[in-house]
Amino acid sequence: MSVNDTRIADELQAPSAPPVSQGKLVWKRFLSNKVAVASAILFILILLFSISAIGLGPIPGWWKYNYTELNDQVQQGSPTWEHPFGQDRIGKDYFALTMRGIQNSILVMVVLGLIASVVGVVVGAVAGYFRGVVDAILMRITDVFIVIPALVIGSVVGHAFGGLGAFFLALMLGFFSWMGIARLVRGEFLSLREREFVEAARVAGASDARIIFKHILPNAIGVVIVASTLIMASAILLETALSYLGYGIRPPDVSLGLLISSNQSAFQTRPWLFWWPGAFIVTLALLVNFVGDGLRDAFDPRHRRFNLRKMREQEPEEGEGDGRSPKTGAALAEDVL
Amino acid sequence: MASFILRRLLVSVLIIIAASFLMYMLVAYSADPLQDLRGSNSPNKTQLINARIQLLQLDVAPPLRWLLWLGGAAKCLIPFANACDLGSTVSNAKVTDILPQALGSTVQLVTFALILAILLGVTIGIVTALRQYSGLDNVVTFLSFFLYSLPAFLVAVLLKEFVAIGFNNFLAHPTIPWWVAVLIGLVAGLIWQSLIGGDRRRRLLTFVISGVATAGVLLLMSAMNWFLMPGLGPVVMILLIAATVIGATALISGLQNRRALISAAIAGAISLVCYFALQPLFDVSTIGTIIILAIVAIIVSLAIGWFVGGYDRGQNMRISVIVTIVSGFLIIVDRFMQAWPQYFQDTNGRPIATVGSSTPGLEGDMWVTGLDTFTHLVLPTIALLLISFASYTRYSRAGMLEVLNQDFIRTARAKGLPERTVVVRHAFRNMLIPITTLVAFDVGALLGGAVITERVFAIPGMGSLFNLGLSRGDLNPVMAYFLVIAAMAILFNFLADLAYAALDPRVRVR
């Protein structure tokens, strides 16, 4: 973290500057990244749009059709003012279907990301803090889960629990996606627990739980946030892929992947049935990836500031090239995920 | 070293056993292997159900059944005993009988995708790192973000519907309109000027020359009906081999190293002679002939490097081997192109396939069947490699930037080494170290991705074994699939560790 500290010191050079918390600094850096902020705003807009259009659960939205009712075909289901995204083969309104798919994708993304983060943080924190036998056992368990590729374990889990609805599917998938975060958090804890402030807390008589949650975890929060954002981006892709294979969300509920797989055969005759869900999958995943990238830059400015050309120009004075400076955790987040 | 390998092996086996238990329980409790029989209305329904319960030992509780399965799978470890028993499918076929063919098909697909992804990804990553924040770099960065966010099945479906059908339609009337050629020329010019860099005048010159050359070649190919009767021909072959000789020498040792240039030139000249002399032999070749020729060629090129001598024999040998491999590849490609018209006819003018792994009923010599495999593999391979390609580009770019930032690079520059030596000898090798770890991770991801690619392109491989097994509630093929990919993942992790130790002397294997 020493690099971070010097950066912060740079930014606080003015002697009269009021004390600024680490959180505020990160927030400020994130806000200065235009692409990431625009992505975050656009993402929220898409979410609000999809919720307001077809409503949420029993609450109706402003759009006149819902995603279950069958309507008369207008112009063989091609996009019209009546059905802006067209209609599928049996006359369902494709705009409502797509909006429902977006809601489900975001639901799966958030639930999966949260579960994976919580489990990963707990496992990683316990393993890294207690070390020794506990660490060895927990890491071997992590190895067991990590041997199976995400899509394969996802298919099996989806096959087992997909019938219970999007929420339960995401919940169960989350319990099989925590391994990356656990390894990262463990690494952070292993190095943070040797620091003086932890020793001070221990001398002051703080309990293990207090040290873990009050003292170490806040220092490792950057890694967790960045990693869970990146997991969320891959969760969108995982859910759509599973639904495409038939192991994800089941009919009559809708998912973007399911829409593509059930309309794939009509690609030549009705391409819009393919393009809308496809475009929204890519957009959502891209936006979350941009936000994740922005967060990483905000938590770990070194990751972004390094500039080869600049370095060549002012070779002798460049202070950041202090040999093999240890990568901070947030930069490592990308390495494992 | 031996104790390290043994310990790793033991831990890996334990991990596989535990993971197989996890997998077995999940599938066994969720899948119903009797579902198709329950719905049937044949008169001997109960008999059929009983027979299947007998066959798959469904009356045994899943944890015990897992033990039985494990016992059968453990027999696979006995070498040459052929006692492997992975159970049978619901349709009473031995899993060990269907496994080899499926495995072969998937390994082919994954290997091609992996090699191409590494080669392309690392090359582009290095180039963008050396031209950081240039137009090319920004475009590639955005593209890799885009590829990260692109689901594999979407890519596969798009390739199938657009590229395959579009290219086949194009081949019906293979002429490139002039505006397409101009557009491609513009893009090529932009890429080259960003790559070569320099001041504004040099950039403009590069842009014009490369753009005009690209567009001209495209129009020439279109005018000569090249896409129906492709081939490199003697003139192009001479040019390409000469370019290889100069390029390889310039990249590895620099052109001022005369010995290196001489050995590269001799290797190139011999390749060229072989190109003319061996054509009759190629007509009657089999894969065995080609392999023997390749081995002979590599030995000869090593000898060339050795006998040319000089102060760095190893370097000469490396260069002449590289020249030989590239020229040999060109010669083979040329021979495949000569078989293209016949293959084009055999497939009724629609050569790029969208389904399966070979054309049923196709007959022909090695070159025609080789083309057939190629046209079936090309789209699935692209679909599979695009995603890992993105991560290789990003990692090698980041790795290269990090290495270039270090003190020993500054030292190398300070003592006056040319930039080529700094990049190729000092930076490149150190950048490879983290890439090895990525390869190990990536193999698992590629094997998982093959499930989707094989489904879209209807390839009968491991992925479809898993997919079909899971949807039919058929436990044994799913477990066989798991066993293979887990073993491969662990094998590659192990190889990555060894490669890591070989590349980085600071790492000690204990």
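**Ground rules.** Residues are numbered from 1 along each chain as its sequence is written, and chains are lettered from A and ligands numbered from 1 in the order in which they are written. Since the model is predicted, local features need pLDDT of at least 70 and side-chain atom pairs count only at pLDDT 80 or more, while totals for chains, interfaces and linings use all residues.

**Entry 1, the chains.** I looked up secondary structure, where helices (H or I, at least four residues) and strands (E, at least two) are DSSP runs numbered from the N terminus. Chain A has 15 helices and 0 strands; chain B has 19 helices and 0 strands. I then looked up burial. A residue is buried if 20 or more other C-beta atoms lie within 10 Å of its own, exposed if 12 or fewer, and partly exposed in between, with C-beta atoms placed from the backbone. Chain A has 337 residues, of which 45% count as buried. Chain B has 510 residues, of which 35% count as buried. The C-alpha atoms of chain B fill a box of roughly 80 × 60 × 45 Å along the principal axes.

For contacts I used C-beta atoms, placed from the backbone, that lie within 7 Å. I took contacts between residues at least 6 apart in sequence: in chain A, 70% of them join residues at least 24 apart. In chain B the figure for such contacts is 73%.

**Entry 2, the interface.** I found 45 residues of chain B in contact with 38 residues of chain A. On the chain B side, the helices that each supply at least two residues are α1 (2-30), α6 (135-148), α7 (152-172), α15 (366-404), α17 (419-457), α18 (462-472) and α19 (475-503). α1(B) gives the largest share of that side, 9 residues. I sorted residues by class: Ala, Val, Leu, Ile, Met, Phe, Trp, Tyr, Cys and Pro count as nonpolar, Asp, Glu, Lys and Arg as charged, and the others, Gly among them, as polar. The chain B side comes to 32 nonpolar, 10 polar and 3 charged residues.

Axes here are lines fitted to C-alpha atoms, for helices over the stretch in contact, and angles run from 0 to 180 degrees between N-to-C directions. Helix α5 (residues 132-146) of chain A packs on α1(B) at an angle of about 60°, with the axes 8 Å apart. The crossing of α5(A) and α1(B) is right-handed (near helix turned clockwise from the far one by less than a right angle; anticlockwise is left-handed). From α5(A), Arg140(A), Asp143(A) and Val144(A) meet Ile15(B), Ala18(B), Ala19(B) and Leu22(B) of α1(B). By class, this contact has 5 nonpolar, no polar and 2 charged residues.

I took a nonpolar core as a set of buried Ala, Val, Leu, Ile, Met, Phe, Trp, Tyr and Cys residues joined through C-beta atoms within 7 Å. The largest has 166 residues, and those with the most contacts inside it are Val147(A), Ile181(A), Val185(A), Ala241(A), Ala156(B), Met479(B) and Ala486(B). α10(A) gives the most to this core, 19 residues. Another core, of 15 residues, lies apart from it and includes Ile241(B), Ile322(B), Val323(B) and Val326(B).

What does Val147(A) touch, leaving aside neighbours within four places in sequence? I found Ile15(B), Ile16(B), Ala19(B), Ala486(B), Ala489(B) and Ile490(B).

The axes of helix α9 (residues 196-203) and helix α10 (residues 208-245), both of chain A, come within 10 Å and cross at roughly 145°. The crossing is right-handed. Phe197(A), Val198(A), Ala201(A) and Arg202(A) of α9(A) make the contact with Ile211(A), His215(A) and Ile216(A) of α10(A). By class it has 5 nonpolar, 1 polar and 1 charged residues.

The expected span of a helix is 1.5 Å times one less than its number of residues. Helix α12 (residues 272-299) of chain A has 28 residues and reaches 40 Å from its first C-alpha to its last, close to the 40 Å expected. Of the 28 residues of α12(A), 23 are buried. Helix α3 (residues 45-56) of chain B has 12 residues and should span 16 Å; its end C-alpha atoms are 17 Å apart, which agrees. Just after α3(B), Gln57(B) takes a positive phi of about 55°.

Is Ile106(A) buried or exposed? Ile106(A), in helix α4 (residues 94-130) of chain A, counts as buried because it has 21 C-beta neighbours inside 10 Å. Ala265(B), in helix α11 (residues 258-277) of chain B, has 19 such neighbours and so counts as partly exposed.
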